[in-house]
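Morning, everyone. Please bring up the structure on your screens, and we'll go through it piece by piece.

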Amino acid sequence: MALSRFIFVICLLFTVFSSAAAQPPCMSRTFSNKKTFAACSTLPVLNSTIHWNYYPSTATVDIAFTQSVVSDSRWVAWAINPTSTGMVGSQAIVAYKRTDGTITVYSSPIKSYGTHLEQGNVSFPLYDVSAVFENNEFIIFATIGLPNNVSVVHHVWQQGPMFGNTPGMHSLSGPNVQSFGTLDFLSGKIETSKGSTSTSALKYAHGIINTISWGILMPIGIIVARYLKTVEGADPAWFHAHRGCQMLAFLGGIAGWGTGIFLGSKSPGIQYKGHRCIGITLFALATIQVAVALCLRPKKTDENRKYWNWFHWVVGYGTIVLSIVNIFKGFDILEPANKWKFAYIAIIGTLGCIAAILELRKLGSFLSRFRSNRAAGQEIVESTQTIV
């Protein structure tokens, strides 16, 4: 009898502890307004969780969305997208802390990638919206009438910087482009969309191709042309090396420009107009440079060759300057690990040092020839005076 009771107690304790272990960690969360929720899930990115009570009979759901932030100068948002899986079309609830310390929370329909999170009515019923900020964490509460009475929704969560009392653009790399998926209020199943991974990989490919072509090969080609053509016996090897570098850079630029146009088509709002406009200008200048070099370059003996040289020089150096500027704009957009930005700074800095040293040597050679010619001229004058 005692053995039976012992086994019963052990089984009971095992059941209790198994049940407790099966619950997600977020179930232990309590809220200062005493609200409780039957289900919750920790979201995969941006330190966020979603709690909910689902009412199938009325097709409504009470939610509490939480997100930890590094400071109170951030905005956070949670949204349902009734029409697709991404950002555009999302019906969001936005919260942030104003400069006077008050919490602002409102609904915002996302109509384009260039949104400024303007306040507006969403496409489904929304009740009892509120938000609090506690211990570097925003909490949004709301009751939602589910679109089309469905229990599975596409949801998006996000955060970004504040500029005074105005929400700013969130990052377009890392966790900020992975923060959407599907949520089943009935089963509690959450899936993260995999579509953002390929787009993110294409952005990195775009950045790598353009950095190598515009930002490394083209400067090397110019260094070769400027400093090796004056070396005795280097002609025509320097020209073939220069042409090879520039053609490889141009072909890489075509690939980089194409990926940029494709990525732009995926973002109708075009958040990075400066980067895009410089990229288009670079491609146009490089195309003109190649076309003119292949079709309109005068012979060395042609009296118009000097005008072609000036054009070639201005367009070439202008392209390099714009390329470097745009590459750093790309780093700001893509936000890769700092080591990649530092690596490019080291490469372009090394090329700059090499160019500076070669320029000083070229200047020294010019001054030496100038002094020699001047001395030779002085000797001629003195000889003439002596003869006279």
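Start with a residue pair. T66 has I139, in strand 8, as its bridge partner. Keep in mind that this is a predicted model.

Now zoom out one step.

How many strands form the open sheet, and in what order? There are 5, in the order 1-2-3-8-7. The pairing is antiparallel. As a reminder, strands of a sheet pair through backbone hydrogen bonds, either parallel or antiparallel.

A39 has W52, in strand 2, as its bridge partner. Strand 1 and strand 2 form a hairpin, with 5 residues between them. Look at L46 in that turn: its phi is positive, about 65°.

On to the helices. Two packed helices are described by the angle between their axes and the distance between the axes. For helix 3 and helix 4, the axes come within 11 Å and cross at roughly 145°. The crossing is left-handed. Which residues make the contact? Helix 3 brings M247, F250, G253, I254 and W257. Helix 4 brings G279, I280, F283, A286, T287 and V290. By type, the residues of this contact divide into 8 nonpolar, 3 polar and no charged.

Last stop, the second largest pocket. It holds about 1,000 Å³ of space. Its lining counts 34 residues. Which of them lie nearest the centre? Those are A225, W238, H242, W308 and H312.

Where does the lining come from? Helix 2 (195-228), helix 3 (237-265), helix 4 (273-295) and helix 5 (305-334) each supply at least two residues. Helix 5 gives the largest share, 9 residues. The lining splits into 18 nonpolar, 7 polar and 9 charged residues.

That's my tour. Over to you.

Technical notes
Residues numbered from 1 in each chain as written. Predicted model: local features only at pLDDT ≥ 70, side-chain atom pairs only at ≥ 80, totals over all residues. Heavy atoms only, no water. 1 Å grid on protein atoms, 1.4 Å probe; cavity = no way out; pocket = protein on both sides within 12 Å on 5 of 7 lines; lining within 4 Å. Points joined across faces, edges and corners; volume = space filled by probe spheres on them. Helix = DSSP H or I, 4+ residues; strand = E, 2+ residues; numbered from the N terminus. Nonpolar A, V, L, I, M, F, W, Y, C, P; charged D, E, K, R; others polar. Axes fitted to C-alpha atoms, helices over the stretch in contact; angles between N-to-C directions. Left-handed = near helix turned anticlockwise from the far one by under 90°. Contact = heavy atoms within 4.5 Å. Pairing = 2+ DSSP bridges.
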